[in-house]
Amino acid sequence: MTVVAVLALDGVVPFELSVPGQVFGTANQAAGRVHYDIRVCAPEGSAGTSPEHGAFRLHTPYGLDVLEEADTVVVPAHAGFLDPPPGAAVEALRRAAERGARLASVCVGAFTLAATGALDGHRATTHWRYAGELARRHPRIDVDPAVLFVDHGSLITSAGVAAGLDLCLHLVRRDLGADLAAATARRTVMPLQRDGGQAQYIEHPLPPADPGALQPVLRWMEDNLHRPLTLADIASRANASVRTLNRHFRSQTGTTPLQWLLRARIHRAQQLLETTALSVAHIADRTGFGSPTTLRHHFTRHTGTSPQAYRATFR
């Protein structure tokens, strides 16, 4: 039997707290036997939930001592994740890691794992909104904001919120095989593996420009995304040399004219995929990519998923 300890710190997010129990408990049902012994634990046996997600207080017979015998420890998100986690919890997680327990984080639970030092030197992920902050605070971690989860064997981190389902299903597949994982996925009404990664959900706003000089040029570029604009076309519109145009773009938007144009075209393609039934070929034409192949190439590189999969998810 595998003991799974789910760590509830004050401010724990209820959905993410419940995901391991839902998935591993369903795996038990699908297997027809109890493979996972799921125990929610909290410092001193009690924790309050995040007020933003429905405040209540949970009481559990399990304290941090459960981490001493757990085979797998899951760390969900909690509201105070940007503050230092409780020292006792950090030490308990360190001891669990040292004796070979499998540690997994859901969403910004990665910040708690990072505080133990266990993620240093490894690739990891977290919710895309906080990936930059995790990388800034822990420069020894290779933070990947685009994926749904990262598996290093005894260390697994997952992306935001629903990616906890992906993580737990992945662990079931590792532990009990693909057939039982598929049965668990069907019972939880989840795909066994989602297409793409977290990148398709990341907001990529266009780099802002100074309200002055470049604004008319940016508006003109957005109005003419369907045209095969060249650097010379943009420079002519701006009444500037190509060299001067590049310098102004760098200083005012932080990127080049052609990169800004590419980002704007992908944004327009996303909007059309979400709001219209136009074919990919028509969208490629309207956004200046010229061909479906070129659109698919740039769209997939930028979002981590294909135009068709993006439409299926968001339309």
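**A loop residue and its surroundings**

Analyst: V189 sits in the loop that runs between α6 (178-187) and α7 (215-223). The model is a predicted one. The phi of V189 is near 55°, a positive value in a residue that is not glycine. Most residues other than glycine have a negative phi. V189 has a relative accessible area of 72%; because exposed means over 50%, V189 counts as exposed.

A second residue of this kind is C107, with a positive phi of about 60° although it is not a glycine. C107 is also placed in a loop, the one between β6 (102-105) and α3 (109-115). Is C107 buried or exposed? Its relative accessible area is 5%, and because buried means under 20%, C107 is buried.

The nonpolar interior comes next. In soluble globular proteins, nonpolar side chains tend to be buried together. Here the largest nonpolar core holds 62 residues, and V73 and V172 have the most contacts inside it. Helix α5 (residues 163-176) contributes the most to this core, with seven residues. Apart from this core lies another, of 14 residues, including I234, L245, W260 and A264. Leaving aside residues up to four places away in sequence, V73 touches A5, L67, L93, A96, R102, L103 and A104. Of these, R102 and L103 fall within β6 (102-105), the strand at one end of the loop that holds C107.

For the chain as a whole, there are 13 helices and 10 strands, and 51% of the 315 residues are buried. Of the contacts between residues at least 6 apart in sequence, 64% join residues at least 24 apart. The C-alpha trace spans about 70 × 40 × 35 Å along its principal axes. The chain exposes about 14600 Å², with carbon and sulfur atoms supplying 50% of that area.

Key: Residues are numbered from 1 along each chain as its sequence is written. This is a predicted model: local features need pLDDT of at least 70, side-chain atom pairs count only at pLDDT 80 or more; totals for chains, interfaces and linings use all residues. Side-chain values use heavy atoms; hydrogens and water are left out. A nonpolar core is a set of buried Ala, Val, Leu, Ile, Met, Phe, Trp, Tyr and Cys residues joined through side-chain atoms within 4.5 Å. Buried means under 20% relative accessible area, exposed over 50%, partly exposed in between (1.4 Å probe, protein chains only). Helices (H or I, at least four residues) and strands (E, at least two) are DSSP runs, numbered from the N terminus. Contact means heavy atoms within 4.5 Å. Accessible areas come from the Shrake-Rupley method with a 1.4 Å probe; for residues, only the protein chains shown count as cover.
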